[in-house]
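Q: Hi! Could you walk me through this one before I set anything up?
A: Happy to, let's have a look together.

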Amino acid sequence: MAVWLLALGGTVLVAVNSEGPVSTRATMPGIESQQAFDLIAERFPGAAADGASATIVFVAPPGETLAAAENAKAVDAALTSLSGGRQVSRIVPPSAGSSISADGSTGFASVSYGVPSSEVTEESRAALAGAVEQARDAGLTAEMSGSALKIGTRMGAMELAGVAIAAVVLLMTFGSMVAAGLPLITAIIGVAVSFLGVWAVAGPLEMAITSGILALMLGLAVGIDYAMFVVSRFREEHDSRDDAEQAAGRAVGTAGSAVVFAGTTVVIALAGLSVVGIPSLAKMGLAAAGAVMVAVLVALTLVPALLGFAPDRVLARAQRRGGVQLPARRSVARPWMRLVLRRPLVITLAGTALLAGIAVPALSLQLGTPGDASLPVTETQRRAYDLRAAAFGPGFNGPLTVVVDARGAADPKAAVASVTDSIRATSGVVSVSRPTFNQAGDTAILTAVPSTGPTDERTENLVGNLRTARAVVEAAEQIGYEITGTTALDIDMARKTKSALVPYVAIVIGLAVLLLLVVFRSVWIPVKAALGFLLSLFAALGVIVAVFQWGWAAGLLGVEQTGPVMSLMPILMVGIVFGLAMDYEVFLVSRMREAHLNGRPAHDAIGTGFRQSSKVVVAAAVIMIAVFGGFAAADEPLIKMVGLGLACAVFFDAFVVRLTLVPAVLQLLGERAWWLPRWLDRVLPHVDVEGGSIAQVGSVR
């Protein structure tokens, strides 16, 4: 315990002296929009292609225009207050024909900063907010948006409510305040170490706050569960022998071994995010994997250490007084298991059909990056989005940036003019700005405004059409041009994510199946586990699509406008859900295999293992659902989606797949469930997750 307290104190000291997480936009090497950003940075020195920006939308009072003397004076005064900012590099005021609406009532100013959004100071943000307030005081309607604004992700009441629910579930499960509090205390210590560790390295590694939040969310959930499994097994072992030290050793040797392999599957799935090719996603996965590793270490060391302080206090009051277990008739495990084992084929078909039906919306999955339109109307970014869309059209909220490399052209200006004419003639383009050349005169930047919004599928088609049609112009003018901007970057990220999804799933499932093959020494158990995971995953994605894309019950979660599912969501879900699914698989099936190895027939071993582990698995699932469900109330769209998706995935996987389909399928397979070819049995290493070697020697010493 002293070592863990020292580790906690050390991470606190390092974290308070670190820069902390940064606000960075996801980047993806190898895609066109990213290459175009790099070209801008190279050809326009000091332009800060990745620099922060802000847009201030001004609306004149009803019946007036911005050109009126008083209104124009108010706009100029607001922008003048910003011009002296040391981080402001350029301010483009509203101008007729480009950034003032046709009726003259609405206009917007663009503010560019010479630093990335992560480096915009609070002073600069305060000056931006002050300019907006100054315009409002002058009688104008003014709102702001852009990357320069900071949107924080905060722990709210719902997240804390998840922890409170976990405490209640633990108390109901164990019937002891000490037993209920121990997993909570150890999980909080573990997640504090991991979260502060992520905070300490976030600055140098350029990690976003979402990496820390994901580590917090996942570390808290698995930390409680892993500690609970060890405590539950300790109570079981301590009830059958007087020596608490021996009971703790056997608990760690059995449940602790299962925790190691369950945690390893989670780490494999999360660390596998590094192969996708998305740096920000890789950092999120590694941060969460680190939190899981800390949770495993806590379960193996801190939990038994704390058990040593009060070995008897973790027992239920009835056990402490009379040394008896709670009556089995109070559990619903026996009747449920009798039903499942009596009708295994019907249960298997019904459970599979249920999850397949819930997964149907996933067939309509549309990936993208929900922007300001997905924010509640209480946020100034959402109001600015609506004002701009109403006055200029939805495309003005997501313009396309065209970078023309005219180094090979005989007449760069004429070549850029040809590009402008070609883009302007493309269906779906509302307007094209005048080109801005670099100092050398060989590179130009254009802005093309689509007729549709940034998350509209027609905008994605437009980007594809522009890229297809450019070959003719490039060949004729001896130039090259690329399309980028926030909208194009989001589209490219979605496409690359889709292409990386199948290989990633194959890698993760392949590695985890090999691991489960070693653990359970069975061919069918890993295959069944992987298929069950896919059912849970697609069912959870079906819920995400139904809520965030179709709008079903969206109001209950504060989703005021539907849109695409976050591009990173499916891959992130795969990594996390697979690891969690394998947790329940290991904890449940290991007890069944333990009973089978102890001489029980396969059919009897199913019921025995189910009765021994189902109560703890149910409690663990409820705790995870409560923790993840609390994060569905977060402000950050990705965290909100992940929270809801994980809560649904845990529910489907624990209650439908592991506690229903797994025993039903094992009943259908019978003894064949534990079949392993002899040649494979000789090749695979022997791992004792069930603690058989401990039972043979009769002691852990």
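**Chat about the model**

A: Let me start with arginine 521: this is a predicted model, and in it arginine 521 counts as buried because its relative accessibility is 9%, under the 20% cut-off.
Q: Where is arginine 521 placed in the chain?
A: Arginine 521 sits in the loop that links helix 16 (486-520) to helix 17 (524-549).
Q: And what is the phi of arginine 521?
A: Phi of arginine 521 is near 50 degrees, which is a positive value in a residue other than glycine.
Q: OK, what about glutamine 478, what's its phi?
A: Glutamine 478 has a positive phi too, near 60 degrees, and again the residue is not glycine. You'll find glutamine 478 in the loop between helix 15 (457-477) and strand 10 (480-484).
Q: Does glutamine 478 count as buried or exposed, and why?
A: Glutamine 478 counts as exposed, because its relative accessibility is 51% and the exposed class begins over 50%.
Q: Let's move to glutamine 549. Which helix does it lie in?
A: Glutamine 549 is part of helix 17. With a relative accessible area of 14%, glutamine 549 is buried.
Q: What does the side chain of glutamine 549 reach?
A: That side chain reaches the backbone oxygen of serine 364, at 2.5 Å.
Q: Which residues is glutamine 549 in contact with, leaving aside neighbours within four places in sequence?
A: Glutamine 549 is in contact with Ser364, Leu365, Gln366, Ile544, Thr562, Gly563 and Val565.
Q: Zooming out, how many helices and strands does the chain have?
A: The chain has 22 helices and 11 strands.
Q: How does the radius of gyration of the chain agree with a compact globule?
A: For 701 residues, a compact globule would come out near 27 Å, and the chain has 29 Å, so the two agree. Along the principal axes, the C-alpha atoms fill a box of roughly 90 × 50 × 40 Å.
Q: What percentage of the residues is buried?
A: Buried residues are 54% of the 701 in the chain.
Q: And how about contacts between residues 24 or more positions apart?
A: Those account for 78% of the contacts with a separation of 6 or more.
Q: What about the accessible surface of the chain?
A: The accessible surface is about 29,100 Å², and carbon and sulfur atoms hold 61% of it.
Q: Last one: how far apart are the mean positions of the positive and negative charges?
A: The mean positions are 12 Å apart, with 50 positive and 52 negative charges in the chain.

Notes. Residues are numbered from 1 along each chain as its sequence is written. This is a predicted model: local features need pLDDT of at least 70, side-chain atom pairs count only at pLDDT 80 or more; totals for chains, interfaces and linings use all residues. Side-chain values use heavy atoms; hydrogens and water are left out. Helices (H or I, at least four residues) and strands (E, at least two) are DSSP runs, numbered from the N terminus. The radius of gyration is taken over C-alpha atoms; the globule rule is 2.2 Å times the number of residues to the power 0.38. Buried means under 20% relative accessible area, exposed over 50%, partly exposed in between (1.4 Å probe, protein chains only). Contact means heavy atoms within 4.5 Å. Accessible areas come from the Shrake-Rupley method with a 1.4 Å probe; for residues, only the protein chains shown count as cover. Lys and Arg count as positive and Asp and Glu as negative; His and the chain ends are not counted. The place of a charge is taken as NZ of Lys, CZ of Arg, CG of Asp or CD of Glu. A polar contact is a pair of N or O atoms within 3.5 Å; within protein, one must be able to donate a hydrogen and the other to accept it, and residues adjacent in sequence count only if both atoms are side-chain atoms.
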